[in-house]
Amino acid sequence: MYQYTYACPLRWSDADAYGHVNNAQFLGYMEEARTRMFQEVVAASEGERRQNAFVVSRTTIDYRAPLHYSAEPVDVHVWVTKASAATFELAYEIRDSERLYVEATTKIVAYNLDSSSPRRLSDVERAFVARYISR
């Protein structure tokens, strides 16, 4: 399995009144990692990006430990757990060298924003997703 890893910087404003990173911030960390992971298959023009978009249809997050602000980034590990003709599921671990903070999944749908409808993954997208799939 090939795994994508993004070193995600923490921001002071991510911490809540309890002194740890607010649970809603983890969605943003996952989005940052996913966006960077998929940069190589994102179309060049705005029109192509609209017709070959990806949308999140479901997210599940299991919080394993509180994450306190640090100047050091946390690693967001991303891989594919399953794929079909028009959807795939990404798994995430957000951790540092000592602790696992979050385990999560997102279901991603290939989508055409112009027609407001799902679409099939292209050959290039299928090959990209296949590189990251767990076996």
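This is a predicted model: local features need pLDDT of at least 70, side-chain atom pairs count only at pLDDT 80 or more; totals for chains, interfaces and linings use all residues.
Q: How many helices and strands does the protein have, and what pattern do they follow?
A: Helices (H or I, at least four residues) and strands (E, at least two) are DSSP runs, numbered from the N terminus. Here there are three helices and six strands, and their order along the sequence is β-α-α-β-β-β-β-β-α.

Q: What does the radius of gyration say about the protein?
A: The radius is taken over C-alpha atoms, and the globule rule is 2.2 Å times the number of residues to the power 0.38. For 135 residues a compact globule would have a value near 14 Å; the protein has 16 Å, which agrees. The C-alpha trace spans about 45 × 30 × 25 Å along its principal axes.

Q: Which share of the contacts joins residues at least 24 apart?
A: Contact means heavy atoms within 4.5 Å. Among contacts between residues at least 6 apart in sequence, that share is 66%.

Q: Is Glu89 buried or exposed?
A: Buried means under 20% relative accessible area, exposed over 50%, and partly exposed in between (1.4 Å probe, protein chains only). Of the 135 residues, 36% count as buried. Glu89 is in strand β4 (residues 87–95), and because its relative accessible area is 13%, Glu89 is buried.

Q: Which side chain does Glu89 meet in a polar contact?
A: A polar contact is a pair of N or O atoms within 3.5 Å; within protein, one must be able to donate a hydrogen and the other to accept it, and residues adjacent in sequence count only if both atoms are side-chain atoms. The side chains of Glu89 and Thr81 form such a contact at 2.8 Å. Neighbours within four places in sequence aside, the residues in contact with Glu89 include Arg58, Trp79 and Lys107.

Q: Where is Arg64, and what does its side chain contact?
A: Arg64 lies in the loop between β2 (53–63) and β3. With a relative accessible area of 47%, Arg64 is partly exposed. Its side chain makes a polar contact of 2.7 Å with the side chain of Glu103. Apart from neighbours within four places in sequence, Arg64 is in contact with Leu100, Tyr101 and Glu103.

Q: What separates the C-alpha atoms of Ala85 and Arg120?
A: The separation is 5.5 Å, although Ala85 and Arg120 are 35 residues apart along the chain. Ala85 sits in the loop between β3 (74–83) and β4, and at 32% relative accessibility Ala85 counts as partly exposed. Leaving out neighbours within four places in sequence, Ala85 is in contact with Arg120 and Leu121.

Terms used: Residues are numbered from 1 along each chain as its sequence is written. Side-chain values use heavy atoms; hydrogens and water are left out.
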